[in-house]
Amino acid sequence: MAEQDNLHDEPHLPSPTLWPIGFAIGIAVLLIGLIINPLWLSTIGGGIALVFGFLWARGATAELRGRAAHVEPERAEARAAAVHPPAGERFSRNKFLEFSTLGLGGVIGGIVTVPVAGFAVLPAFLKQKKHEIDVGPVTDFAEGQWYVATFMFDPSEGDVSRRTAFIRNNGSTGNVPSFTIISNRCAHLGCPVQANGPSGAILGMKDVIEQTKNGKVTLSPTVPAGFGCPCHGGQYDTEGNRTAGPPVRALDRYDFEIKNGHVVLLSTYSVSHVENTGAQAKIHKYKLVGPGEHIDGIEQVFYPLNPPHH
């Protein structure tokens, strides 16, 4: 009888396990993924957290589910008697409280994490709007002349979507028009880069204003010696290659196509560097990444994943 009382008084603590550590790692990966890559990294982190969370809960309740099966035969009867519920009860009070605590914790965790994960991950699986920006007919761009083009990335969003690009008509290569179209987003921290040279009225040339399906497009002629960032002094040549300052690569560029005689800008992409100039330029092209990120050399290992872009 004394032995039975001692068994009843023993604290039922779960054995040490690594499952909580795995669960914490999964949550950390999930949170980091919300910033770096909501599509893949957050999904992986959520999966790790779910697996280790399940194993943790399973391990924590193992003694409740199979305590009698893991004790010595002569003690099994006494232990079962110690936790046996009174007549008329389906579960003992201890079991009810422990399962209720685990269940309530799971519900609260789901309420907190599922909406956040859903808002972060779901948009990547949905069809995203494809932007095509008509910046005017090819005839608006004199061959060899640079223009500062200002346009709306998405007219439905208003002025907040206003963008700027530097555009030069390189002439034709095999009857195919060639254009250099450089983004004004600095490759250091994303500040707006400016043309290092006179433009517009200073040159005695008028701006070209076109009304396209994307709204008003302004083309201001310019004669740049290069491009410069007024924020931190980053400098680039006329092909967008970094020449001085803190930027880690060349300026991004726009893909484009000629549609019904108009120049249509497509998505942007990142560039490590450009060899030669104009129509003969060899562009070392990469998937679009954020400002300050290396895309070639040993440094690129520090930027393995990027958030999705339009």
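Analyst: One term before we start: a nonpolar patch is made of residues with over 30% relative accessible area and no salt bridge, with nonpolar side chains joined within 5 Å. Also, keep in mind that this is a predicted model.

User: Okay, which residues make a nonpolar surface patch here?
Analyst: Leu 104, Val 107, Ile 108, Ile 111 and Val 112 make one of about 490 Å².

User: Where is Leu 104 found?
Analyst: Leu 104 is in helix 6, which covers residues 93-125. With a relative accessible area of 55%, Leu 104 is exposed.

User: Switching topic: how many aromatic pairs does a search of the whole structure find?
Analyst: The search turns up 6 aromatic pairs. One of them joins Phe 166 and Phe 227: the ring centres are 4.4 Å apart and the planes are at 25 degrees, so this pair is stacked.

User: Why does that count as stacked?
Analyst: Because planes under 30 degrees apart count as stacked, and the planes of Phe 166 and Phe 227 are at 25 degrees.

User: And which parts does the pair tie together?
Analyst: Phe 166 is in strand 3 (residues 162-173) and Phe 227 is in strand 8 (residues 227-228), so the pair ties together parts that are 61 residues apart in sequence.

User: Is Phe 227 buried or exposed?
Analyst: Phe 227 is buried, at 0% relative accessible area. Phe 166 counts as buried too, at 2%.

Analyst: Another aromatic pair is Phe 179 with Phe 256, which is edge-to-face, with 5.8 Å from centre to centre and 70 degrees between the planes.

User: Which strands do those two lie in?
Analyst: Phe 179 lies in strand 4 (residues 176-183) and Phe 256 in strand 11 (residues 253-259), so that pair ties together parts 77 residues apart in sequence. Phe 179 is buried at 7% relative accessibility, while Phe 256 is partly exposed at 26%.

User: Which residues do ring pairs link into a cluster?
Analyst: Phe 141, Tyr 147, Phe 179 and Phe 256.

User: What sits over the ring of Tyr 269?
Analyst: The charged end of Lys 285 does, 4.3 Å from the ring centre.

User: Last topic, the backbone. What is phi of Asn 260?
Analyst: Phi of Asn 260 is near 55 degrees, a positive value in a residue other than glycine. Asn 260 lies in the loop between strand 11 and strand 12, and Asn 260 is exposed, at 75% relative accessible area.

User: What about phi of Asn 276?
Analyst: Phi of Asn 276 is positive, near 65 degrees. Asn 276 is in the loop between strand 12 and strand 13 and counts as exposed at 53% relative accessibility.

Terms used: Residues are numbered from 1 along each chain as its sequence is written. This is a predicted model: local features need pLDDT of at least 70, side-chain atom pairs count only at pLDDT 80 or more; totals for chains, interfaces and linings use all residues. Side-chain values use heavy atoms; hydrogens and water are left out. Rings of Phe, Tyr and Trp (its six-membered ring) pair if their centres lie within 6.5 Å; planes under 30 degrees apart count as stacked, over 60 as edge-to-face and the rest as tilted. Helices (H or I, at least four residues) and strands (E, at least two) are DSSP runs, numbered from the N terminus. Buried means under 20% relative accessible area, exposed over 50%, partly exposed in between (1.4 Å probe, protein chains only). A charge sits over a ring if NZ of Lys or CZ of Arg is within 6 Å of the ring centre and within 35 degrees of the ring normal. Patches are made of residues with over 30% relative accessible area and no salt bridge: like charges are joined within 9 Å, nonpolar side chains (Val, Leu, Ile, Met, Phe, Trp, Tyr) within 5 Å. Accessible areas come from the Shrake-Rupley method with a 1.4 Å probe; for residues, only the protein chains shown count as cover. A salt bridge is a side-chain nitrogen of Lys or Arg within 4 Å of a carboxyl oxygen of Asp or Glu.
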